[in-house]
Amino acid sequence: MKQKRKERIDRGIKARSDDVFSLNSFREMLYVAVPPLAPVLLLILLPLVLPSYWQKVLISTCVFALLAMSWDFLVGVGMVSLGQALFFGVGAYIAGVSNKILGLPIWIDLPLATVLGGFICTVLLTPVLRLRGVYFSMVTLVLPLMLERIVEAAGIFGGTEGITGIKAFQNPFVESYVIVFVTLFALFAFRRLVTTDYGLVLKAIKDNDRAVMSVGINIYWMKAQALFIAGCVGSFCGAFLTHVYGFVGMPSFALDYSILPLSSAVVGGMGTFAGSFVGAFILVPLSEALRGIGGLRIVLYSFFLVFFIVALPEGIFHYIQRKYQQFERWVEVDK
Amino acid sequence: MSDQNNHQKDAGLILRVENLSKSFGGVKAVVSVSFDLYEGQLLGVIGPNGSGKTTLVNLITGFLKPDQGKIVYKGKEINGWAPYRIARIGIARTFQMIRPFAELPSFKNLIIPLYSPRVKALSGGKYGDLDAVAKDYLEEVGFERESAVTYKSAGSLPHGYLKRLELAKCLALRADLIILDELFSGLSIAELASIVPIIEKLISEGKTVIMIEHRLRELFRIADRVVVLNYGSVIAEGIPSEVMERPEVRKAYLGSE
């Protein structure tokens, strides 16, 4: 009996370009150069052509892309965080307090909030580094909600009112390009980091933490470093948006900042960072575009989410990557 | 034994286990186990299933904390230390259930031990090109140089190669005491024939080895000494040919075969 079967075959250029670069035509060079250059060109051009409302959307898209990448990075080390809002909120409050109350200029408080925020988040999560799987996730889910209530109950940092009148960037272009460059930097830096020996060790912790421990590596110290890296990225997002809105308050710890990055990374494809990037650039503008239709927005948005997850469980990026690197054909085989 | 004699023997002592006990709830997994191990020896630990062999390994390597007793390695008391600290002073182990870093190519699996602070310290604080070093170690345990198997993802390796990969991890760590937890299980005669010389070479290089084993015939050929466990206690200790003759050992272990 004859049967049809789908075959996947690497494209000739892909097989060569994976390791050894012997590219012998302009077309082949484009094949290798276009994927990394496309997001760079896109992000550099977009702030020039978008109307001002969509520029704000671009900013929040980049912010969610960054949060999604930091989430993806933590997952790669075996820590499934449900609380990127923790990183976001801590960074936001540090930026707000140091700018408004201490009077530091933006160019000092932004890096300060990034590093200090990463540090504080790492310290907050250090006691639960030993927890694995869902137990770690639960703590990360609760922590931002707890901090939110502490701000409310203690009335510190403006309490329920928040802090207003935080300085904005000089002009919209500086604003856009700061976030664009940080997003691109994070994208390529993360993708590079996971291929280094250091990144390999982090990945190994997710695969089999006992085996990593048994060769003399302190996995808790490594996990703390990973948390610090992810925390810095998340805190930067918070600090940046604080300056965009001129406001910081309890909403900075909102669940949105935990859930949307997660869904971006899942829809886009986990473990690649480019997937988080692609996912955020689909979901965030989509949610903005649906604003016009009122109450049905959430229904449609959820429908899209379910559709992507069911139709493309591997993630959009993995799908595109596969199509780009391989061709498929049906062949007849004997059964 | 006279004091002087004791002192002389202590010179080569690498590991001393004293009255080690561990229980899980009501189950006594290890009950006051004691033994000494000297440099360059190969000690076999045998016993029926559930006799506490793997628990003993987990106690020595820090994955479990003993309820009682002492573990002294090269004069340092190490009971209660975290696993990574114990590995850093030169105790390496393999796992009974082998879970390699499945998505990584075989040679990349060795990057993890090569990245450890112990190897960094031993090689003068520099990491260098780990990939090349990793391939050297793989060749030592029988991965043919530049063959496809070195580059295949570890998850797709056949069982025999996985066992060798585990052994290579211990080599890469440059450990002085290597604990092999059922390394021989599931290997064919041909695979055994190629892996035994590697262990013999380790001993000739001055390493000390503890082997937890069920494959007695192969173990007895290379072991200097054997400790027999049953229900967590040591029921016999001595050179392999002697231990096999003891009635209590036959009853507990060999009799069941």
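Select A:E148 first: beyond the residues up to four places away in sequence, A:E148 touches A:M250 and A:F253, where contact requires C-beta atoms, placed from the backbone, within 7 Å of each other. The model is predicted, so local features need pLDDT of at least 70 and side-chain atom pairs count only at pLDDT 80 or more, whereas totals for chains, interfaces and linings use all residues. Residues are numbered from 1 along each chain as its sequence is written, and chains are lettered from A and ligands numbered from 1 in the order in which they are written.

**Stop 1**

A:E148 counts as buried because it has 20 C-beta neighbours inside 10 Å. (Buried denotes 20 or more other C-beta atoms within 10 Å of the residue's own, exposed 12 or fewer, and partly exposed the range in between.)

Helices are DSSP runs of H or I with at least four residues, strands are runs of E with at least two, and both are numbered from the N terminus. Does the span of helix 6, residues 133-154, agree or disagree with its 22 residues? At 1.5 Å a residue it should span 32 Å, and its end C-alpha atoms are 32 Å apart, which agrees; the expected span is 1.5 Å times one less than the number of residues.

Colour the buried residues of this helix: A:F136, A:T140, A:L143, A:P144, A:L147, A:E148 and A:V151. Their cover includes helix 4 (84-101), helix 5 (106-125) and helix 11 (256-268) of chain A. Just after helix 6 of chain A, A:G155 adopts a positive phi of about 65 degrees.

**Stop 2: a helix pair in chain A**

Select helix 12 (residues 274-289) and helix 14 (residues 316-325) of chain A, whose axes come within 8 Å and cross at roughly 115 degrees. Axes are lines fitted to C-alpha atoms, for helices over the stretch in contact, and angles run from 0 to 180 degrees between N-to-C directions. Helix 12 and helix 14 of chain A are therefore roughly perpendicular to each other. (Angles under 35 degrees count as roughly parallel, over 145 as roughly antiparallel, 65 to 115 as roughly perpendicular and the rest as oblique.) At the crossing, A:A274, A:G275, A:V278 and A:G279 of helix 12 meet A:I316, A:F317 and A:H318 of helix 14.

**Stop 3: the sheet of chain B**

Move to chain B, where six strands form an open sheet of mixed pairing in the order 6-7-8-3-9-10; strands pair if DSSP finds at least two bridges between them. Strand 6 (91-93) and strand 10 (233-238) of chain B stand at the edges with a single partner strand each, so one side of each lacks a neighbour in the sheet. Strand 9 (residues 225-230) and strand 10 of chain B pair in the antiparallel sense over five bridges. Select B:V226 to find its bridge partner in strand 10 of chain B, B:G238.

**Stop 4: B:K135**

Finish at B:K135, which lies in helix 7 (residues 130-140) of chain B. B:K135 is partly exposed, with 18 other C-beta atoms within 10 Å. Leaving aside neighbours within four places in sequence, B:K135 is in contact with B:F107 and B:T150.

Technical notes:
Two residues are in contact if their C-beta atoms, placed from the backbone, lie within 7 Å.
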